Amino acid sequence: MSSAATAAGAAVQVPFDEAVTRYEPVIGIETHVELGTAAKMFCGCPTLFGTEPNSAVCPVCLGLPGSLPVINKAAIEYTITIGLALNCSIASWCRFARKNYFYPDMPKNYQISQYDEPLCTDGWLDVEIGDQVVRVGIERVHLEEDTGKSLHVGGATGRIHGADYSLVDYNRAGIPLVEVVTKPIPGTGALAPVVARAYVTELRDLLRALGVSDVRMEQGSLRCDVNTSIAPGGAAQWGTRTETKNVNSLRSVERAVRSEIERQAGVLDAGGRVVQETRHFHEDTGRTTPGRSKEEAQDYRYFPEPDLVPVAPAPEWVRRIAAGLPELPAARRARLRAEWGLSVLDMTALVNAGALDLVAETVAAGASPEQARNWWLTELSRRANEAGLELGALAVSTEQVARICALVDSGELNNKLARQVLDGVLAGEGSPDEVVAARGLAVVTDSAVLAAAVDDAIAANPDVAAKIRDGKIAAAGALVGAVMRATGGQADAASVRELILARCGADSR
Amino acid sequence: MPAGNELTILTAARTAGLIAAGEVSAVEVAKAHLDRIAVTDVHVRAFLHVAPDSALAAARAVDEQRAAGQPLGPLAGVPLALKDVFTTVDMPTTCGSKILAGWQPPYDATLTGRLRAAGVVILGKSNMDEFAMGSSTENSAFGPSRNPWDLGRVPGGSSGGSAAAVAAYQAPLGIGTDTGGSIRQPAAVCGLVGVKPTYGGSSRYGLVAFASSLDTPGPLARTVLDAALLHEAISGHDPLDSTSLDAPVPRVVAAARNPDVAGLRIGVVTELSGEGYASGVLTRFHEAVELLESLGAKITEVSCPHFDYALPAYYLIAPSECSSNLARFDAMRYGLRVGDDGSASAEEVMSLTREAGFGAEVKRRIMLGTYALSSGYYDAYYGKAQQVRTLIIRDFAAAFEQADVLISPTTPTTAFGIGERADDPMAMYLADLCTIPSNLAGNASMSVPCGLAPQDGLPVGLQIMAPVLADDRLYRVGAAVEAVLDQRRGHPLLTQARGLDSAAGDTGEAGR
């Protein structure tokens with residue numbers, strides 16, 4: 001280890017806010033996405049998650065001697081779909097390559113990947129940060145096969161070094177994996193961690209909208225490596241970058257960038273140099289620790305995969321895929337924002353609350369945008385918070401929310417009753433209508449019943465009635481309250497008020 | 001009905017005919033060959049694994065099929081030696097390597113399956129240079145096979161086991177693989193017909209890879225027609241092999257039955273002759289050229305200037321691919337495991353296993369290939385070799401505008417002695433000088449016997465090369481040469497092989 005690196009090890013972190021006043025960060029993100037094709041990349045084995053270890057394997061994905069790969073056309077189609085959605089050029093001819101390195105979870109000790117001839121190149125993805133848009137350049141989108149999964153048993157770190165023994169599950173080996181690589185993203189300053197997170201979020205939502213992956217970071221079907229470098233403000237050259245792995249949640253993406261900026265600033269402040277290396281992010285501490293350094297990096301000896309023929313997507317096929325692209329998240333957000341008449345910040349709040357799809361579905365089920373938004377952002381958000389659930393995990397469907405809105409609209413429920421209906425639905429008592437019926441929550445509309453209640457209230461409060469007759473209409477409130485109490489809150493307050501005024505001979509206006 | 005000994009000298013075509021006619025049973029044929037193996041293989045050592053039970057079961061199935069009145073294929077009941085590089089569910093597959101000793105694959109190669117479906121009786125797995133790297137079978141971890149013409153000489157390689165078996169009448173048919181000449185060179189030095197079909201003409205699925213872009217399975221036989229029958233049986237598109245051609249199989253059997261070269265334009269390749277070629281080889285080669293001319297062929301001389309660079313290009317491309325293909329032999333999932341004492345890391349076990357499990361030639365090529373592909377050297381070595389490959393393809397294209405087929409000697413020399421070149425890799429590599437261009441270009445190529453070299457009385461092969469998917473032309477020309485030479489001689493060439501004469505009654509001395 002060099003003396004500079006030793007000095008770096010002893011350096012203290014510089015607080016983020018200070019670091020970004022003196023250093024300019026450049027970030028880059030490599031995202032691996034497991035495609036949701038039915039079969040693996042080069043054989044017919046299913047792509048199942050969580051099945052019995054080594055049950056979804058065959059000679060091909062086990063790399064047995066003599067076996068040969070055959071390209072899954074669906075994986076090519078999915079990759080082109082992603083490339084088109086990221087505004088990339090689609091190669092008219094490209095090849096797979098072998099990436100050679102030894103590792104026990106690699107069945108062939110080479111990975112079939114793409115090297116200098118990726119399927120998709122040179123695109124972009126717009127990322128919204130508040131009312132600001134950052135255009136993230138996409139360097140390439142390529143297709144490769146996933147490796148098996150090692151489980152290192154024993155030892156302190158759960159990594160291969162120090163483990164007593166290791167188990168390998170090859171179910172994952174050969175699952176099609178797309179790698180999306182950004183161009184370097186400079187100029188984001190203090191927003192770099194937020195941009196990194198927003199990019200991965202936007203990419204995740206895009207991939208979900210395309211239906212090409214289940215994009216579950218916690219299950220590893222979407223994995224990120226985050227590259228970070230910093231250089232003194234105004235410097236002509238970018239700094240040396242590190243690659244942070246094991247970044248397994250959106251929150252971690254943001255924290256990893258933040259932590260690396262703080263650490264690298266400390267190294268540079270102490271007169272050290274940043275070592276080009278792979279680092280591991282730790283969820284518990286929020287810090288990174290060094291992994292493999294560039295000095296011991298592998299020579300992958302890439303060469304064109306001789307077991308496969310080149311891929312040459314027909315232009316007509318690419319056009320058909322392009323024509324079949326669904327509405328992408330950014331376009332959808334813009335459309336809904338216009339349709340619903342929301343400000344950018346209102347929309348951001350909706351997106352950040354994870355309520356966009358729920359509101360859209362509730363509106364589609366007949367509710368007004370205003371009602372739907374109110375219900376999801378207030379009453380339902382509160383209940384989700386109390387229960388510690390995601391909004392979408394609440395035991396109420398968007399159709400049921402829309403039905404409650406409709407019952408309020410028609411005057412059959414008032415807001416207080418509607419909340420009780422929601423309670424019933426969440427408690428599993430059935431649909432809104434069933435809850436209304438079972439709990440007897442309908443607004444009292446029977447005029448005879450109401451009239452009797454009003455007469456009772458006037459009779460019981462002659463002095464108030466007298467004031468109303470004298471023109472003090474505001475005094476009616478006290479009688480409305482009495483009627484509401486008498487009807488158990490199930491009357492419509494506005495109707496009650498009009499009825500009282502009429503009985504007292506006063507004009508409501 | 002022919003007796004046991006007589007059954008082993010029959011051609012495959014004749015054997016199949018007798019079985020189909022009910023004059024002999026497939027079981028009798030299988031037994032005759034198993035007996036022949038039992039007597040002769042202590043000398044020839046053609047087989048790594050003999051499988052009497054499964055062979056007799058396959059033969060019995062053919063007999064039952066016939067008894068039930070079901071139609072039989074043109075090779076039903078014919079015994080065969082299968083190179084130990086193809087996976088077989090009922091036999092080990094070792095590739096002549098310690099690292100795979102005893103490995104029992106869980107699946108059949110496509111070619112294995114096609115042989116079984118055709119009713120071919122697989123007698124066992126034949127010896128080979130380790131992972132098909134070599135020209136003599138001396139690189140087999142299990143010892144060399146011997147040439148039935150002279151047990152002190154090599155049978156060629158890497159498919160030397162299959163060639164020795166066919167030349168020793170242990171089987172009328174053999175399957176080999178040809179990456180740089182590994183079918184044609186053993187055929188030439190054993191006096192057999194050997195064919196490297198067009199690349200992609202026969203499936204590689206289940207063929208343990210040496211160099212993926214070059215490996216080609218093909219037939220070894222004692223006659224051109226037999227080779228054609230086997231060629232057709234193993235050919236055709238395989239969806240499990242992406243490099244398999246989705247094209248009609250060339251009509252090779254029909255061509256073998258039509259030995260007519262009148263008017264055919266035959267090009268003699270200038271670069272594959274002259275200095276470095278044994279005079280006996282050149283004598284027989286020139287006679288073959290005259291013979292073809294006498295049959296009405298139009299002989300021209302064609303130049304393929306880049307063929308001089310074929311050998312060096314091959315020794316960059318093939319090792320590069322092999323360095324990657326053989327990476328999977330790491331002791332983690334199957335095969336040999338060395339050094340797993342509970343304290344060694346996975347990396348250490350991989351390293352110890354590969355050190356102990358691979359032979360010297362395999363290690364040499366893995367290192368060559370690793371170097372050629374490494375960062376900073378790729379363009380100068382692998383990249384440049386691929387450019388040479390393109391030039392060779394162009395040489396062939398230009399030559400095939402002037403000629404329908406090209407011819408040359410198959411090998412510069414006749415069979416060399418065991419041990420003679422074992423310590424001189426360059427001398428060994430030169431055995432494939434004439435055969436390598438067709439591997440690099442992927443076109444079809446055959447070796448057919450054209451007599452014995454006057455100096456040593458050993459077989460000489462005539463190489464015939466045809467364009468991609470014009471495999472039928474090989475058979476037309478090969479059958480014509482064979483017919484005339486057999487007629488002049490009055491008997492098949494192989495009856496002159498005397499290597500086993502002394503051994504036949506004296507099992508245990510000769511050949512050890």
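Which strand of chain B is joined by two bridges to strand β5 (residues 193–196) of chain B? In this predicted model, the partner is strand β6 (residues 216–221) of chain B, and the two strands run antiparallel. Within this pair, B:Gly194 stands opposite B:Leu220 of β6(B). Helices (H or I, at least four residues) and strands (E, at least two) are DSSP runs numbered from the N terminus, and two strands pair if DSSP finds at least two bridges between them.

Residues are numbered from 1 along each chain as its sequence is written, while chains are lettered from A and ligands numbered from 1 in the order in which they are written. As the model is predicted, local features need pLDDT of at least 70 and side-chain atom pairs count only at pLDDT 80 or more, whereas totals for chains, interfaces and linings use all residues.

An open sheet of 11 strands in chain B has the order β1-β3-β2-β4-β6-β5-β10-β11-β9-β7-β8, with mixed pairing. From one strand to the next, the twist averages 30°. Helix α4 (residues 52–67) of chain B lies across β1 and β3 (121–126) of chain B and runs at about 155° to β3(B). Helix α6 (residues 160–167) of chain B also packs on the sheet, where it touches β1, β2 (79–83), β3, β4 (173–178) and β6 of chain B; the direction of α6(B) makes about 155° with that of β4(B). Axes are lines fitted to C-alpha atoms, for helices over the stretch in contact, and angles run from 0 to 180 degrees between N-to-C directions. The loop between β3 and α6 of chain B contains B:Ser158, which is joined to B:Gly157 by a cis peptide bond with omega of about 10°.

In chain A, three strands form an open sheet in the order β4-β3-β14, with antiparallel pairing. The edge strands β4 (110–113) and β14 (303–304) of chain A each pair on one side only. Two bridges join β3 (residues 97–100) of chain A to β14(A), and A:Ala97 stands opposite A:Pro304 of β14(A).

Helix α9 (residues 356–364) and helix α10 (residues 369–387) of chain A pack at an angle of about 140°, with their axes 9 Å apart. The two helices α9(A) and α10(A) are therefore oblique to each other (angles under 35 degrees count as roughly parallel, over 145 as roughly antiparallel, 65 to 115 as roughly perpendicular and the rest as oblique). The contact is made by A:Leu358, A:Val359, A:Thr362 and A:Val363 of α9(A) together with A:Pro369, A:Ala372, A:Arg373 and A:Trp376 of α10(A). Residues are in contact if their C-beta atoms, placed from the backbone, lie within 7 Å.

Between the chains, 32 residues of chain B are in contact with 26 residues of chain A. On the side of chain B that touches chain A, the elements giving two or more residues are α11 (310–325), α12 (346–357) and α13 (360–373) of chain B. The largest share, three residues, comes from α11(B).

Technical notes: Two residues are in contact if their C-beta atoms, placed from the backbone, lie within 7 Å.
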